[in-house]
Amino acid sequence: MSENLIIAIGRQYGSGGREIGEKLAERLGYEYYDTVLLEKAAQGSGLSADVIERYDEKLADKWMNASLGMSGAAEQHKLPIPLRAAFGQFEEIRKIGKNGRAVIVGRCADQVLKEQNNVLSVFIYANMDLRVSRVAYRNHITKEEAIKRIRNTDKNRANYYSYYTDAQWGKADNYHLCIDSGIFGINGTVNILEAAAESRLI
């Protein structure tokens, strides 16, 4: 395994992706990045953490110029706030990518770093019943509310991903490995990813 490996995890809402990422990072002794990217992006973009969070993995303005892509623009301070928020996170991901030894959850990390050869890209999914139960229990909401939240969140993530990357969120071709966490469980999935990281040829 490369000493500077980056593991980029995409995930369906309620599949346990965040918990898997945290446990994997702890197991490997890697840095873990999820919501902490919001704070780092805020520092670099000049936007508040609250604003960054508001647009985190969401598309707020469909009129925005998709041709800008994730590369950004020369004068980012002139861009619409949702774009500045996204580009701020992408820039932090690139910085993390240079150092390696990190697990990054979401935020198009697999595509932002796709030109690097030290990345293991993963997508975590699970069946709807399991995700509904998990989301309902975790957030103390009804199953009907959980279904609505799952559908909205997954739709936002898919739209965000396709907008900034021109790739399809959750499509197997875009990842090195796709795992059903409902079949293998949280710890089982962590075990698989640890073995995959050890086997990753750079």
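Where is the place of Tyr-163? Tyr-163 sits in helix 7. The model is predicted: local features need pLDDT of at least 70, side-chain atom pairs count only at pLDDT 80 or more, and totals for chains, interfaces and linings use all residues. Residues are numbered from 1 along each chain as its sequence is written, and side-chain values use heavy atoms, with hydrogens and water left out.

**The chain**

- The chain has eight helices and five strands. Helices (H or I, at least four residues) and strands (E, at least two) are DSSP runs, numbered from the N terminus.
- Read from the N terminus on, the elements run β-α-β-α-α-α-β-α-β-α-α-β-α.
- The chain has 202 residues, and 50% of them count as buried. Buried means under 20% relative accessible area, exposed means over 50%, and partly exposed is in between (1.4 Å probe, protein chains only).
- Take the contacts between residues at least 6 apart in sequence: 71% of them join residues at least 24 apart. Contact means heavy atoms within 4.5 Å.

- Tyr-163 is buried, with a relative accessible area of 12%.
- Tyr-163 and Leu-59 are 104 residues apart along the chain, yet their C-alpha atoms are separated by 8.2 Å.
- Phe-87 lies in helix 4 (residues 81–99). Phe-87 counts as buried because its relative accessibility is 2%.
- Phe-87 and Tyr-164 are 77 residues apart in sequence. From C-alpha to C-alpha, Phe-87 and Tyr-164 are 9.5 Å apart in space.

**Helix 1 against helix 8**

- Helix 1 (residues 17–28) and helix 8 (residues 181–199) pack at an angle of about 35 degrees. Their axes are 10 Å apart. Axes are lines fitted to C-alpha atoms, for helices over the stretch in contact, and angles run from 0 to 180 degrees between N-to-C directions.
- The crossing of helix 1 and helix 8 is right-handed. A crossing is right-handed if the near helix is turned clockwise from the far one by less than a right angle, and left-handed if anticlockwise.
- On the helix 1 side, the residues that meet helix 8 include Glu-19, Ile-20, Leu-24 and Arg-27. Among their partners in helix 8 are Ile-186, Val-190, Leu-193 and Glu-194.
- By class, this contact of helix 1 with helix 8 has seven nonpolar, four polar and five charged residues. Ala, Val, Leu, Ile, Met, Phe, Trp, Tyr, Cys and Pro count as nonpolar, Asp, Glu, Lys and Arg as charged, and the others, Gly among them, as polar.

**The cavity**

- The structure holds one cavity of 30 Å³ or more. On a 1 Å grid over the protein atoms alone, a cavity is a set of points where a 1.4 Å probe fits but cannot get out; a pocket is an open set with protein on both sides within 12 Å along at least five of seven lines; lining residues have an atom within 4 Å of a point.
- About 100 Å³ of space lies in the largest cavity. Grid points are joined across faces, edges and corners, and a volume is the space filled by probe spheres set on the points.
- The largest cavity is lined by 15 residues, and Glu-57, Gly-106, Arg-107, Cys-108 and Tyr-161 are the closest to its centre.
- Strand 1 gives the most to this lining, with four residues.
- The lining of the largest cavity has eight nonpolar, two polar and five charged residues.

- The largest pocket holds about 570 Å³ of space. It has 22 lining residues, and the closest to its centre are Arg-11, Tyr-13, Arg-18, Thr-153 and Arg-157.
- Helix 1, helix 6 (128–139) and helix 7 each supply at least two residues of that lining.
- The lining of the largest pocket divides into two nonpolar, eight polar and twelve charged residues.
- The second largest pocket has a volume of about 180 Å³. Of its 13 lining residues, Asp-110, Lys-114, Ser-121, Asn-174 and His-176 lie nearest its centre.

**Positive phi angles**

- Arg-101 is not a glycine, although its phi is positive, at about 50 degrees. Arg-101 is in the loop between helix 4 and strand 3 (102–105). Arg-101 is partly exposed, at 32% relative accessible area.
- Cys-108 is also a residue other than glycine with a positive phi, near 60 degrees. Cys-108 is found in the loop between strand 3 and helix 5. Cys-108 is buried, with a relative accessible area of 4%.
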